[in-house]
Amino acid sequence: MNSNGQVVVATDLSRRYGEGDAAVDALAGVSTGFDRGQFTAIMGPSGSGKSTLMHILAGLDKPTGGTVELDGVEITGLDDGELTKLRRDKLGFVFQFFNLLPVLTAEENMLLPLSIAGRKPDQEWLERLIRTVGLEDRRTHRPAELSGGQQQRVAVARALLSKPAVVFADEPTGNLDSKSSAEVLTLLRQAVDEFGQTVIMVTHDPAAAAHADRLITLRDGKLVQDGRPGSAADVIELMKQLD
Amino acid sequence: MTSLALKSLWARKVRALTTIFAVVIGVAFVSGSYILTDTIFAAFDEIFSESLSGTSVVITAENPVEQDNGEIPTVSASLLPRIQQTPGVKVAAGAIFTPGGFFDAKGEKIGSKFSPKFISSTLPGSLESLTYVKGHRPRGPTEASIDEAAAESSDLKLGETIELVGQGRVRGFKLIGFTHLGSASFGGASIAQVTLPVAQALTHKLGRFDQISVAAADGVAPETLKRRIDRQMPAGVRVETAQENADRGSEEIRDNLSFLQTFLLVFGFIAVFVGSFLIFNTFSITVAQRISEFGMLRTLGSSRRQILTSVLVEALAIGLIGALVGIAGGFLIALLLNGLFEAIGIDLPTTSLVLESRTVIVALLVGLVVTLVSSTVPALRSTRVPPIAALHAFQPPPSRRRRLVYAVLSVLLGLAGLAMVLAGLFGSGDAGARAGLMGGGAVIVVIAVSLFSPRLVPPLAAVAGWPLERVRRLIGRLARENAQRNPSRTAVTAAALMIGVALVTFVAVFAAGLKGTVAQVIDENFAGGLVIQNSDGFSPIPNGTAAAASKVPGVEQVATIRSAQAKLLEGGRPGAGARVSAPTSNVEETVKIEWKQGGPAALRGLTDRQAILSDSFASDHGLQLGDRFRLLTQTRSRPTYEVVGEFDAKLGVFGSVLVTQASLAREFRQTQDTIDFVKTAPGADAAQVQALLTKGVELAFPTAEVLNQAELKESREEQINQLVNLIFALLGLAVLVSVFGIANTLALSIHERTRELGMLRAIGMSRRQVRTMIRYEAVITALIGAILGMVLGVIFAALIAQPLKDEGFTLSYPIGELIAVLVVAALAGVVAAIPPARRASRLNTLEALQYE
């Protein structure tokens, strides 16, 4: 564990795509840390590097420079097998699309990461999560029989089930109507408040960002703002200023 | 639109490669079959013309009835002086060219097991076709030469002793020369040459020739000479120019080997048929994946016809490329097939490979037609894409009604196919037409099953996946669910393997039945006896073998059976073929005959003008006790026989007509035994008698072998196994195509599931788990095909066996072999999964997640 209690620490991260004249710097020296039990939103215009930052933090992409320490482990040098183990043990994911396996039921989808890792679920915790996401009567339904919001709530439950060090959410509301969006965000908020879960979310939706404890904003691969998000209106105002 | 089609093909060239490959294999097999058989024909043509290069006119006996062992009737030596005195004849001589056996000084067989071996006589002057590469022509009664290739393969040296056996006792000769005939390999056939009197003595053809060769004097045309000689020849003698003789030889070879061409082509078209499933599936999947592309084209104003054309042009391009590459691959297949035949001991003569224009035309047609036909349904589906599909990949699932229509259609189609098979099986008429009906019916049944099988995929996947789910709960479950996700896709993929497995099962079950039946017949009928047969299993054994055997201590009796082919004269014209057997009157001492009419007395008292018929032959030709019938024999004799008995045809050793050996000798000029049965004296030790017999008989007649009951069964089984293994090897290519089909479908499905795979990797699935999941999916697909194929194969075998029941055929199921087939199918799945599993496990998680 990091000395100041931060669960993820990024130091001087840079990421360059391509070579020579065509090279693009998606990240140009980003350093930041994420506190345990905090809900962070990452925003920024298209091409700002917000997704790249999240991907690198989650070990899905490798930086061209700098390091990432996740729950006390330096992850930038890990090989595929070690990264797979890291994802099983310490990470949870919620994506925008294709979050669930269409061939499994809602409950089976929640249990999927544990099944993949060959672990037994904590039954009590599972029941509590299913109640929390409000899908007690939908557990044997297949994704095709669920609404978009319900599917995304299954995905959140799946991410929380292994009690990971961090849950990464990549545009979790990008594909949802506003009512379903609100439900999913409330759920993530609840996870942070009730279970002490650390959540890092990339979004372009100011309303989503308003649910977070902390908002960081990227632009041209650099960190340009770091603070409390305030209300959705505040976030919109902030974005305007940064433009 | 055409250029768009070709561009889009080019853009997806890697995926197109597997489709092209399916066309290539089928076309290569078809054109390879043609190339090989054309090459064999060309080689024979070369042999015929080479061997007649210095000859103008050839005199042979007419051959009204073909014999199983290819023996032809002889002409009398008394014709020779008349020919020699004909004006315009420079030189004329009689020749012997008769099958025999060769052995080296150690008694080892020279040449491969099934290659024909001929004893030939020397010819004077330009008539001689063999050239001597070493040594000289045999000049005395103790000298012999042999062809270079045989000498090389058995490492023979000049001055050594070789043994030759024709129709009598084996004789030793001093090897004094190595010969060579033209440029073609003689098909592994060996020729030993001795002087004419020696050749006649060896083959028991004293006073007779296989042919008389004539060289014309300078300035005399072969045609003129032929007419002059022909005028002096009696009926039944054929006079031909060398050219005519060579042409007839070529034609007869083509007739005799056309079965080989048909046999190989059948397997070629099986590979094409299997390939069509792969092509259909690839086009269906790519059309489905390109829905939004077609929608976009429609919004831009493309007509349905244009979309259809673009897909069909793509198909034609694939067919054309596949056919062209397939023709080139045909050369490789021809060499492979030749190697396969050599490996099982059948040497076919070859020269440089021959590509006829017919081969090119058929190959192109096969390639184009199969791709066009297989892509038509997917192409039509592409035209039904509405413009709105450009916006979201919208794929209307097949409606309940359409699924019901498919199911009803497939059941009707299956019944129609089954009816065709049954009509072919039990109907009357031409054997070729019936085989065609059965084959066509089988193809329709296969198509019907594959149409219906989407409904069978879920339960079969559950069965096939069960053990995998036991081993790896989640991974097995996911693999099974993935296989079930698109049942029709899995069904078509599995159907390709189903065809191969059905054929393998059919052959295995049928062969097992055949072996079981043969074993049963041997057990029931030759209890305790010993059998003497030719070691190749089908040729006759030399004269004198039985006499030698009966002198061995412990032998009580020897019964012999001789046989020949004849034709039944129907209204004075030669009609149905009949296999005539002539047993000695004591045959019932060693072989059990089930009498329907008459009885043992009829056989013991059989006169040379009487015959006993098999019950099936009698009923086929409406012959009853006391009726008379006439046969046409190979020597143009037309003997009349009176029916005095009927026996059950179940027993394989007898043909359809039994006559006396004296009659067979006189009317058919056949004096060699096909098989001898030995009854040991009571109290004699069978093993000891066999040892004595082996020593006494095999030494003097090395082509003969003495077998006890178990060995006889083994020898028959071995013959069946050899054919079965050949068929399995030929079906291997069809199975290979279906393995490619599984790999291709998986690759396309994985492509569709890219983002899903990314998600699985992101939430902790390891590369190994991804590979295992895809491997299991392939194994499940393969097992679905194998199970369906096995059921079909067993049903077909049971059907085909039905009419054979009367002849004593009983079906048996080789459980061990069938399990092995399932295991091999599962392994085929594992192999098919290697490339797609590799690709899936190597997917970059991040890119996969962002994949549109």
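Among contacts in chain A between residues at least 6 apart in sequence, what percentage join residues at least 24 apart? In this predicted model, the share is 69%. The secondary structure of chain A consists of 8 helices and 10 strands, and its C-alpha atoms occupy a box of roughly 55 × 40 × 35 Å along the principal axes.

Where chain A meets chain B, the contact draws 20 residues from chain A and 18 residues from chain B. On the chain B side, at least two residues each are supplied by α14 (473-485), α22 (754-762), α23 (767-801) and α25 (845-850), with α14(B) giving the most, namely 5 residues. Sorted by class, this side of chain B has 8 nonpolar, 5 polar and 5 charged residues.

Within chain B, helix α7 (residues 242-289) packs against helix α15 (residues 487-525), with the axes 9 Å apart and at an angle of about 175 degrees. Angles over 145 degrees count as roughly antiparallel, and α7(B) and α15(B) are therefore roughly antiparallel to each other. The residues in contact include B:Phe273, B:Phe277 and B:Phe280 from α7(B), and B:Val492, B:Ile499 and B:Leu503 from α15(B). Taken together, the residues of this contact between α7(B) and α15(B) divide into 12 nonpolar, 3 polar and 1 charged.

Key
Residues numbered from 1 in each chain as written. Chains lettered and ligands numbered in written order. Predicted model: local features only at pLDDT ≥ 70, side-chain atom pairs only at ≥ 80, totals over all residues. Axes fitted to C-alpha atoms, helices over the stretch in contact; angles between N-to-C directions. Helix = DSSP H or I, 4+ residues; strand = E, 2+ residues; numbered from the N terminus. Parallel < 35°, antiparallel > 145°, perpendicular 65-115°, else oblique. Contact = placed C-beta atoms within 7 Å. Nonpolar A, V, L, I, M, F, W, Y, C, P; charged D, E, K, R; others polar.
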